[in-house]
Amino acid sequence: MNLSIVNLASIAIFLSVFLFPSFNSTYWLKWRASLIPSTKFGADLIVKNGVIFTSDPSFPFANSMAIRDGRILRIGNYSSLQDLSGYGTKELNLEGKVVVPGFIDSHVHLISAGLQMARVQLKGVNRKDEVVRRVKEAVLNAKRGSWILGGGWNNDLWGGELPMASWIDEVTPDNPVWLTRMDGHMGLANSVALKLAGVTNLTKDPNGGKIMQTADGDCLHDHAEPTGLLIDAAMELILSWIPEVSVDERREAMLRASSFALTRGVTTVVDVGRYFPGSSVEHSWQDFSDVYQWADSSGKMKIRVCLFFPMGTWSRLHPYFDDPHNYGLQVLEFESLFNMTIASDMSGLQVAIHAIGDKANDLILDMYESVALKNGKRDRRFRIEHAQHLAPGTADRFGQQGIVASVQPDHLLDDADAAIRKLGVDRAQKGSYLFRSLLSSNALLAFGSDWPVTSTYPLRAIRTAMNRIPPGWDTAWIPSEHLSLNDALIAHTISAAWACFLENEIGSLSTGKLADFVILSSDSWDEFATGGSTSVNATYVGDSSLVLGSGCTDRNCSSL
């Protein structure tokens with residue numbers, strides 16, 4: 001197979017590993033497992049007169065459901081629920097509104113997203129001067145010498161030119177600045193930050209990273225100098241100088257992000273943490289103890305969260321019996337990936353590996369196949385996060401091997417033009433975002449957002465998977481890869497639940513499951529299915545007393 005530099009780089013940039021225990025040993029936050037409530041006690045709440053899409057193939061639609069203690073007692077026609085109505089039962093008349101199961105976002109960085117919400121927002125900015133303006137505004141509201149942090153920029157939106165420290169140096173003479181790219185694998189530092197970190201033209205590239213430099217003898221310098229851009233592991237040169245985010249800031253970020261997720265109809269997230277190549281693997285564990293365990297014990301969890309941890313730390317979940325304080329060595333080198341995967345899988349853990357590019361995906365599929373052969377048959381549900389830009393025939397292998405394709409439809413919106421430039425028309429057309437091909441191969445498709453790379457917005461992701469029309473385009477990108485509304489909804493609900501061993505608890509509106517559901521603004525299924533403007537009216541998470549209006553404020557929230 002011929003491989004371009006883009007795909008070889010993709011392996012280095014995107015290949016990181018996370019895991020979390022199988023369901024029986026998962027630390028499932030705000031999860032108070034209980035017996036299925038008995039129908040003899042009646043319902044707390046009956047939701048009636050709606051169009052309820054269940055994500056359950058045995059009973060796809062209903063118009064009413066009865067709920068007790070946060071679980072579904074029965075679902076069907078209103079007349080079939082009358083015996084469950086008693087003293088104290090409340091009724092919610094949907095007046096024909098569409099209801100869907102609570103959306104599951106299969107790939108987020110929840111605390112990072114919450115932190116970014118309070119920083120310089122550069123998502124969607126398409127002009128250099130607007131980048132400068134927003135940074136300048138942040139400086140005016142900051143103390144002298146304090147760090148200015150932000151991100152979300154995408155140089156493709158202003159023509160492709162990579163930003164430089166010189167863009168913002170004039171408006172940031174006394175404040176160090178760090179602005180991450182939308183994908184989290186590149187960041188821009190101003191000259192104050194570079195000086196503070198000691199990054200000069202003599203600083204060598206770290207393993208797995210690159211310090212971008214000017215060309216020799218350009219108009220600004222007599223010799224090559226750092227431009228301010230640092231890639232992957234090189235970002236740690238700056239990150240190590242940024243004051244550690246406090247526990248309180250991380251807690252506030254998690255709560256802030258959770259509240260926002262609810263406005264988008266998201267009731268469960270799979271959080272892959274703050275880890276990325278070059279950063280400390282401790283972040284995921286610190287967030288687990290400082291933030292998630294705190295929120296769970298204090299009753300502050302608003303949504304359900306599954307956590308993945310860096311694979312290099314997998315053995316912390318299985319201390320050695322003869323030495324309970326020995327958690328093994330942290331092995332982060334790529335050549336040890338196979339051995340770590342074998343050991344993690346043998347211990348009953350679910351493994352997820354990030355892969356973008358044909359070589360990266362083929363490499364991981366080969367490795368998963370070898371691990372399964374060595375460790376024997378079991379329900380392991382290996383995941384590949386992103387699964388973007390595949391070689392011919394690779395989509396079929398996902399189904400053949402039973403691999404979960406954890407994909408992010410909204411990446412298609414930002415990636416289309418860049419993928420064609422970097423991969424060429426032929427390769428981009430044949431291998432990019434192959435949702436239909438993956439489903440046709442019997443692979444399990446789980447939808448997510450990669451928030452804060454893109455915002456968590458399942459309704460938009462569903463429509464993106466259906467239409468595949470990038471911004472500025474009049475036609476679909478690879479129309480043969482369209483999904484139906486039903487397939488897209490399944491990918492954001494029951495398939496996403498199955499992808500993390502939670503299909504018995506969430507993902508569909510079925511008897512005995514947790515009553516996580518979303519009331520949409522659509523007045524009929526036809527209106528929803530034909531692309532009418534749809535938004536979230538309310539989100540319920542298990543406890544029938546919890547109702548949250550959408551509260552959307554951005555211009556993209558009101559419609560698809």
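The model is predicted, so local features need pLDDT of at least 70 and side-chain atom pairs count only at pLDDT 80 or more, while totals for chains, interfaces and linings use all residues. Numbering starts from 1 along each chain as its sequence is written, and side-chain values use heavy atoms, with hydrogens and water left out.

**Overall make-up**

You're looking at a chain with 18 helices and 25 strands; these are DSSP runs numbered from the N terminus, with helices being H or I of at least four residues and strands E of at least two. Of the 560 residues, 55% are buried (under 20% relative accessible area; exposed is over 50% and partly exposed is in between, with a 1.4 Å probe and protein chains only). Among contacts (heavy atoms within 4.5 Å) with a separation of 6 or more, 74% are between residues 24 or more positions apart.

**Cores**

A nonpolar core here is a set of buried Ala, Val, Leu, Ile, Met, Phe, Trp, Tyr and Cys residues joined through side-chain atoms within 4.5 Å. The largest one has 80 residues, and L110, Y368, I384, F398 and L489 touch the most other members. Helix α10 (residues 358-375) supplies the largest share of this core, six residues. Apart from it there's another core of 20 residues, including V125, V139, L179 and L229.

Back to L489: skipping neighbours within four places in sequence, its contacts are F53, S55, V100, F103, I462, W525 and F528.

**The α7/α8 pair**

Helix α7 (residues 247-263) packs on helix α8 (residues 282-297) at about 60°, with the axes 10 Å apart. Axes are lines fitted to C-alpha atoms, for helices over the stretch in contact, and angles run from 0 to 180 degrees between N-to-C directions. The two helices are therefore oblique to each other (under 35 degrees is roughly parallel, over 145 roughly antiparallel, 65 to 115 roughly perpendicular, and the rest oblique).

Here's who meets whom:

| Helix | Residues in the contact |
|---|---|
| α7 | V247, R250, R251, M254, L255 |
| α8 | Q286, D287, D290, V291, Y292, W294, A295 |

The residues of this contact split into seven nonpolar, one polar and four charged (Ala, Val, Leu, Ile, Met, Phe, Trp, Tyr, Cys and Pro count as nonpolar, Asp, Glu, Lys and Arg as charged, and the others, Gly among them, as polar).

**A loop glycine**

G208 sits in the loop between α5 (191-197) and β14 (209-213). With a relative accessible area of 53%, G208 is exposed. Leaving out neighbours within four places in sequence, G208 contacts I231, D232 and A233. The C-alpha atoms of G208 and D232 are 6.6 Å apart, although the two are 24 residues apart along the chain.
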